[in-house]
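Take a moment to look over the model below.

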Amino acid sequence: MFEEKLAFEGPDGELLLEPTVEQIRDLLLLGSDYWAASSAGIGYVQLRDRGYSNNCERPFLYIIQDDQYGVHLNYQIMDYKPFGKNVNLMTKGDWGDDETVTVSLGGEDVDFPASSFVPLDLACQIIADFLLDQKLPDRVTWVKAPI
(Lines give C-alpha, C1' and ligand atoms only; values in the text may rest on other atoms or scores of the structure.)
Protein backbone atom coordinates (compact mmCIF):
# COMPACT_ATOMS: atom_id res chain seq x y z
CA MET A 1 0.00 0.00 0.00
CA PHE A 2 1.26 3.44 -0.90
CA GLU A 3 1.49 6.21 1.65
CA GLU A 4 -1.16 8.89 1.27
CA LYS A 5 -0.47 12.56 1.88
CA LEU A 6 -2.40 15.73 1.41
CA ALA A 7 -0.85 17.98 -1.18
CA PHE A 8 -1.44 21.55 -2.31
CA GLU A 9 -0.42 22.36 -5.86
CA GLY A 10 -0.19 26.06 -6.52
CA PRO A 11 -0.76 27.90 -9.79
CA ASP A 12 2.99 27.81 -10.35
CA GLY A 13 2.95 23.98 -10.22
CA GLU A 14 4.92 23.83 -6.98
CA LEU A 15 3.81 20.97 -4.72
CA LEU A 16 3.46 21.51 -0.98
CA LEU A 17 3.01 18.23 0.93
CA GLU A 18 0.95 18.17 4.12
CA PRO A 19 0.01 21.86 3.83
CA THR A 20 -1.32 23.79 6.78
CA VAL A 21 -4.12 26.31 6.48
CA GLU A 22 -1.60 28.96 7.57
CA GLN A 23 0.64 28.14 4.59
CA ILE A 24 -2.29 28.34 2.16
CA ARG A 25 -3.49 31.56 3.83
CA ASP A 26 -0.04 33.08 3.31
CA LEU A 27 -0.24 32.17 -0.39
CA LEU A 28 -3.74 33.68 -0.65
CA LEU A 29 -2.42 36.89 0.91
CA LEU A 30 0.15 37.19 -1.89
CA GLY A 31 -2.77 38.19 -4.12
CA SER A 32 -2.60 38.39 -7.87
CA ASP A 33 1.20 38.63 -7.78
CA TYR A 34 1.14 34.89 -7.02
CA TRP A 35 -2.24 33.65 -8.30
CA ALA A 36 -2.24 35.35 -11.71
CA ALA A 37 1.51 35.22 -12.36
CA SER A 38 1.39 31.82 -14.06
CA SER A 39 -0.88 30.54 -16.81
CA ALA A 40 -2.62 28.04 -14.49
CA GLY A 41 -4.30 30.66 -12.27
CA ILE A 42 -5.61 28.00 -9.90
CA GLY A 43 -4.41 25.89 -6.99
CA TYR A 44 -5.87 22.79 -5.38
CA VAL A 45 -5.67 20.47 -2.40
CA GLN A 46 -6.07 16.69 -2.71
CA LEU A 47 -5.10 13.50 -0.89
CA ARG A 48 -2.45 11.85 -3.08
CA ASP A 49 -0.72 8.50 -3.27
CA ARG A 50 1.70 6.62 -5.58
CA GLY A 51 4.45 9.17 -5.58
CA TYR A 52 1.88 11.84 -4.80
CA SER A 53 0.28 11.85 -8.23
CA ASN A 54 -3.26 13.12 -8.36
CA ASN A 55 -6.26 10.81 -8.49
CA CYS A 56 -9.43 12.29 -9.96
CA GLU A 57 -11.64 9.95 -7.93
CA ARG A 58 -10.56 11.62 -4.69
CA PRO A 59 -12.00 14.96 -3.62
CA PHE A 60 -10.28 18.07 -4.94
CA LEU A 61 -10.68 21.50 -3.42
CA TYR A 62 -9.82 23.99 -6.15
CA ILE A 63 -8.82 27.47 -5.04
CA ILE A 64 -8.96 30.69 -7.08
CA GLN A 65 -8.00 34.04 -5.59
CA ASP A 66 -9.16 37.47 -6.74
CA ASP A 67 -7.88 40.69 -5.16
CA GLN A 68 -11.30 42.37 -5.26
CA TYR A 69 -13.78 39.53 -4.70
CA GLY A 70 -11.94 37.10 -2.41
CA VAL A 71 -11.64 33.35 -2.86
CA HIS A 72 -13.58 30.95 -5.08
CA LEU A 73 -13.62 27.34 -3.86
CA ASN A 74 -14.71 24.41 -5.99
CA TYR A 75 -15.23 20.95 -4.48
CA GLN A 76 -14.95 18.24 -7.10
CA ILE A 77 -14.91 14.46 -7.37
CA MET A 78 -14.68 12.89 -10.80
CA ASP A 79 -15.77 9.25 -10.78
CA TYR A 80 -14.91 7.54 -14.05
CA LYS A 81 -16.35 4.14 -13.10
CA PRO A 82 -19.50 2.99 -14.90
CA PHE A 83 -22.47 4.72 -13.27
CA GLY A 84 -20.03 6.76 -11.17
CA LYS A 85 -21.22 9.92 -9.51
CA ASN A 86 -19.42 13.16 -10.34
CA VAL A 87 -19.58 16.01 -7.85
CA ASN A 88 -18.84 19.58 -8.95
CA LEU A 89 -19.87 22.25 -6.43
CA MET A 90 -18.75 25.83 -5.80
CA THR A 91 -19.13 28.15 -2.87
CA LYS A 92 -22.01 30.62 -2.69
CA GLY A 93 -20.95 33.98 -1.30
CA ASP A 94 -22.68 37.32 -0.84
CA TRP A 95 -21.75 39.05 -4.10
CA GLY A 96 -24.50 39.65 -6.64
CA ASP A 97 -25.31 37.05 -9.28
CA ASP A 98 -25.17 39.64 -12.07
CA GLU A 99 -21.43 40.31 -11.66
CA THR A 100 -18.71 38.09 -13.11
CA VAL A 101 -15.05 37.65 -12.35
CA THR A 102 -12.77 36.76 -15.26
CA VAL A 103 -9.88 34.47 -14.35
CA SER A 104 -7.18 33.20 -16.70
CA LEU A 105 -7.04 29.41 -16.34
CA GLY A 106 -4.51 27.58 -18.43
CA GLY A 107 -4.17 30.64 -20.64
CA GLU A 108 -7.92 30.95 -21.34
CA ASP A 109 -10.23 33.51 -19.76
CA VAL A 110 -13.02 31.89 -17.76
CA ASP A 111 -15.91 33.83 -16.21
CA PHE A 112 -17.08 32.91 -12.72
CA PRO A 113 -20.09 34.40 -10.98
CA ALA A 114 -18.90 36.92 -8.40
CA SER A 115 -21.38 35.25 -6.04
CA SER A 116 -19.09 32.19 -5.94
CA PHE A 117 -16.35 34.15 -4.12
CA VAL A 118 -16.18 34.22 -0.32
CA PRO A 119 -14.08 36.38 2.05
CA LEU A 120 -10.54 35.22 2.84
CA ASP A 121 -11.26 34.35 6.49
CA LEU A 122 -14.23 32.15 5.57
CA ALA A 123 -12.24 30.52 2.76
CA CYS A 124 -9.47 29.65 5.23
CA GLN A 125 -12.00 28.07 7.60
CA ILE A 126 -13.39 25.99 4.72
CA ILE A 127 -9.89 24.97 3.64
CA ALA A 128 -9.04 24.00 7.24
CA ASP A 129 -12.16 21.79 7.37
CA PHE A 130 -11.19 20.13 4.08
CA LEU A 131 -7.64 19.50 5.29
CA LEU A 132 -9.06 17.53 8.25
CA ASP A 133 -11.10 14.92 6.39
CA GLN A 134 -11.48 15.87 2.69
CA LYS A 135 -15.26 15.95 3.08
CA LEU A 136 -17.52 18.72 1.84
CA PRO A 137 -17.25 21.48 4.47
CA ASP A 138 -20.60 22.74 5.73
CA ARG A 139 -19.58 26.28 6.75
CA VAL A 140 -20.95 27.68 3.52
CA THR A 141 -23.68 27.07 0.98
CA TRP A 142 -22.53 25.03 -2.01
CA VAL A 143 -24.19 25.25 -5.43
CA LYS A 144 -23.72 23.29 -8.64
CA ALA A 145 -20.80 24.65 -10.61
CA PRO A 146 -21.51 25.58 -14.24
CA ILE A 147 -18.23 24.13 -15.52
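Thr102 stands opposite Asp111 in β8. Strands here are DSSP runs of E, at least two residues long, and helices are runs of H or I with at least four residues, both numbered from the N terminus. Thr102 belongs to the uncovered face of β7 (residues 100–105), together with Thr100 and Ser104. The covered face of β7 holds Val101, Val103 and Leu105. β7 and β8 run antiparallel, and six bridges join them. Strands count as paired if DSSP finds at least two bridges between them. The hairpin of β7 and β8 has two residues between the strands, and Gly106 in this hairpin takes a positive phi near 60°.

A word on the model itself. It is predicted, so local features need pLDDT of at least 70 and side-chain atom pairs count only at pLDDT 80 or more, while totals for chains, interfaces and linings use all residues. Residues are numbered from 1 along each chain as its sequence is written, and side-chain values use heavy atoms, with hydrogens and water left out. pLDDT is the predictor's confidence in each residue, from 0 to 100. The chain has a mean pLDDT of 84, and 87% of its residues reach 70 or more. Confidence is highest in strand β9 (residues 117–118), at 96, and lowest in β3, at a mean of 83.

Now step back to the whole chain. It has three helices and ten strands. Along the sequence, they follow the pattern β-β-α-α-β-β-β-β-β-β-β-α-β. Of the 147 residues, 46% are buried. Buried means under 20% relative accessible area, exposed means over 50%, and partly exposed lies in between (1.4 Å probe, protein chains only). Take the contacts between residues at least 6 apart in sequence: 53% of them join residues at least 24 apart. A contact means heavy atoms within 4.5 Å.

What sits inside? The largest nonpolar core has 26 residues. Such a core is a set of buried Ala, Val, Leu, Ile, Met, Phe, Trp, Tyr and Cys residues joined through side-chain atoms within 4.5 Å. Phe8, Leu28, Val45, Ile63, Leu73 and Ile127 touch the most other members. α3 gives the most to this core, with six residues. Leave out residues up to four places away in sequence, and Ile127 touches Val21, Ile24, Leu28, Leu61, Ile63 and Leu73. Apart from this core lies another, of nine residues, including Ile64, Tyr69, Val110 and Ala114.

Next, find Ser116. It is in the loop between β8 (108–113) and β9. Is Ser116 buried or exposed? Ser116 is buried, because its relative accessible area is 0%. Its side chain makes a polar contact of 2.8 Å with that of His72. A polar contact is a pair of N or O atoms within 3.5 Å; within protein, one must be able to donate a hydrogen and the other to accept it, and residues adjacent in sequence count only if both atoms are side-chain atoms. Beyond its neighbours within four places in sequence, Ser116 is in contact with residues including Val71, Leu73 and Met90.

Finish with two backbone angles. Most residues other than glycine have a negative phi. Glu18 has a positive one, near 50°. Glu18 is found in the loop between β2 (15–17) and α1 (21–29). Gln134 also has a positive phi, near 60°. Gln134 lies in the loop between α3 (120–133) and β10 (141–144). Glu18 is partly exposed, at 43% relative accessible area, whereas Gln134 counts as buried, at 15%.
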